[in-house]
Amino acid sequence: MMKGCGLMVVLLGLWFVFGLSVPGGRTEAASPRANDAPIVLLHGFTGWGREEMLGFKYWGGVRGDIEQWLNDNGYRTYTLAVGPLSSNWDRACEAYAQLVGGTVDYGAAHAAKHGHARFGRTYPGLLPELKRGGRIHIIAHSQGGQTARMLVSLLENGSQEEREYAKEHNVSLSPLFEGGHRFVLSVTTIATPHDGTTLVNMVDFTDRFFDLQKAVLEAAAVASNAPYTSEIYDFKLDQWGLRREPGESFDHYFERLKRSPVWTSTDTARYDLSVPGAETLNRWVKASPNTYYLSFSTERTYRGALTGNYYPELGMNAFSAIVCAPFLGSYRNAALGIDSHWLGNDGIVNTISMNGPKRGSNDRIVPYDGTLKKGVWNDMGTYNVDHLEVIGVDPNPSFNIRAFYLRLAEQLASLRP
């Protein structure tokens, strides 16, 4: 148990690095319910499911259990648990299988292109009735917002590359890649790096000296074979072969890990969360005219009068305040177009990146005026909380987290299909 608790502390520390009071947000008068679509919670980078981390909830943390709060108030709610280090494509495929049931199909073309297995785990399905119709609301935090956007795009438009590959090679095609599915009524993103986060650039600096990415992922894969890990943390890297096979010697397993194509792949969360990676995603993942999009931004920094840099406010979680926020608040890169507008942040993500996709995108972002609109990004304002406080992992007594999520659920229930 001590070993398990130690791993949990390390994972929380890593999550603080990447994770990737209500004032400032906008509200509207209470509205009657216009739909009974269930809510699905989708976590961000290094996130976890309800049965992991010894019961410490990603959605609620030290503040409670957001899924339970919503269910207790009549809003049917479920939590997804997708790959914490995986790309948005792989996470979207996993989310689809978890929702409707079946074996995860990453796509034959995608698997061949990136050098990992086509099929993953099999799930019974949280909402198998979606195959026959119905709608859902997705509430997503951090990278989960990118994943949700990609899921909607694949559901509605499918993948032309996958369709052509299946026809050419005479292989099966996942229904996800066929398109024509419109079961996501709304997507709510909270502190999502739609245009990437410059925190990835800080990690790049570290990698040059210590190859942090490989060290972290190898440690993750090795740890995932410990008997207690399913209770602590599940890295869900099966598609990359990063699971020790029965009877496989440790030396052989470790050498296989080092040869894995994941280390040089762009099919990872790290690439998708970078500014160039997010722009690549934005070029083809567009807002659907059939879906409502809500974006909530967060910021916990202030501008220094002398330097023009941004500094963490008192109360930001210590790790982000010491390690991450100062970098985000001072990093500029003319080659990437990163100027002073990018300096405000919530300790993990640049606030300018949160209200919707802009780089490489023609999606419209409109200020919320009391009426939510389909097919555009309804900018719900900026809240004075950090990246972890907004989901309860870090406490902020001035932020009424329970009221925030109940009010959001009420808004979503008022949307007309």
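**Exercise A.** Determine where Gly101 is found, whether Gly101 is buried or exposed, and which residues Gly101 touches beyond four places in sequence.

*Solution.* Begin with the location: Gly101 is found in the loop between helix H3 and strand S3 (102–105). Helices (H or I, at least four residues) and strands (E, at least two) are DSSP runs, numbered from the N terminus. The model is a predicted one, in which local features need pLDDT of at least 70, side-chain atom pairs count only at pLDDT 80 or more, and totals for chains, interfaces and linings use all residues. Residues are numbered from 1 along each chain as its sequence is written, and side-chain values use heavy atoms, with hydrogens and water left out.

Next, consider accessibility. Gly101 has a relative accessible area of 15% and is therefore buried (buried means under 20% relative accessible area, exposed over 50%, partly exposed in between, with a 1.4 Å probe and protein chains only).

Finally, list the contacts (heavy atoms within 4.5 Å). Not counting residues up to four places away in sequence, Gly101 touches Tyr96, Tyr123, Pro124, Gly125 and Lys131. Lys131 is 30 residues from Gly101 in sequence, while their C-alpha atoms are 9.4 Å apart in space.

**Exercise B.** At what angle does H3 pack with H5, what is the handedness of the crossing, and which residues make the contact?

*Solution.* Start from the geometry: H3 (residues 88–100) and H5 (residues 143–157) have axes 8 Å apart and an angle of about 70°. Axes are lines fitted to C-alpha atoms, for helices over the stretch in contact, and angles run from 0 to 180 degrees between N-to-C directions. H3 is therefore roughly perpendicular to H5 (under 35 degrees counts as roughly parallel, over 145 as roughly antiparallel, 65 to 115 as roughly perpendicular and the rest as oblique).

Then assign the handedness: the crossing of H3 and H5 is right-handed. A crossing is left-handed if the near helix is turned anticlockwise from the far one by less than a right angle, and right-handed if clockwise.

Now name the residues. H3 contributes Asn88, Trp89, Arg91, Ala92, Ala95, Tyr96 and Leu99, and H5 contributes Gln143, Gly144, Gln146, Thr147, Met150, Leu151, Leu154 and Leu155. By class, 9 residues of this contact are nonpolar, 5 are polar and 1 is charged. Ala, Val, Leu, Ile, Met, Phe, Trp, Tyr, Cys and Pro count as nonpolar, Asp, Glu, Lys and Arg as charged, and the others, Gly among them, as polar.

**Exercise C.** Carry out the corresponding analysis for H5 and H12.

*Solution.* H5 packs with H12 (residues 275–284) at about 25°, the axes being 11 Å apart. H5 is therefore roughly parallel to H12. The crossing of H5 and H12 is left-handed.

Across this contact, Gln146, Arg149, Met150, Ser153 and Leu154 of H5 meet Ala278, Leu281, Asn282 and Trp284 of H12. The residues comprise 5 nonpolar, 3 polar and 1 charged.

*Solution.* Ser142 lies in the loop between strand S5 (136–141) and H5. Most residues other than glycine have a negative phi. Ser142 is not a glycine, yet its phi is positive, near 55°. Its relative accessibility is 0%, so Ser142 counts as buried.

*Solution.* Begin with the total: the structure holds 14 aromatic pairs. One of them joins Phe399 and Phe404, whose centres are 5.5 Å apart with 55° between the planes, a tilted pair. Rings of Phe, Tyr and Trp (its six-membered ring) pair if their centres lie within 6.5 Å; planes under 30 degrees apart count as stacked, over 60 as edge-to-face and the rest as tilted. Phe399 is buried at 0% relative accessibility, and Phe404 is buried at 7%.

Finally, examine Phe296 itself. Phe296 is placed in strand S7 (residues 292–298) and is buried at 3% relative accessibility. Leaving aside neighbours within four places in sequence, Phe296 has contacts including Thr188, Ile190, Met380, Tyr383 and Phe404.
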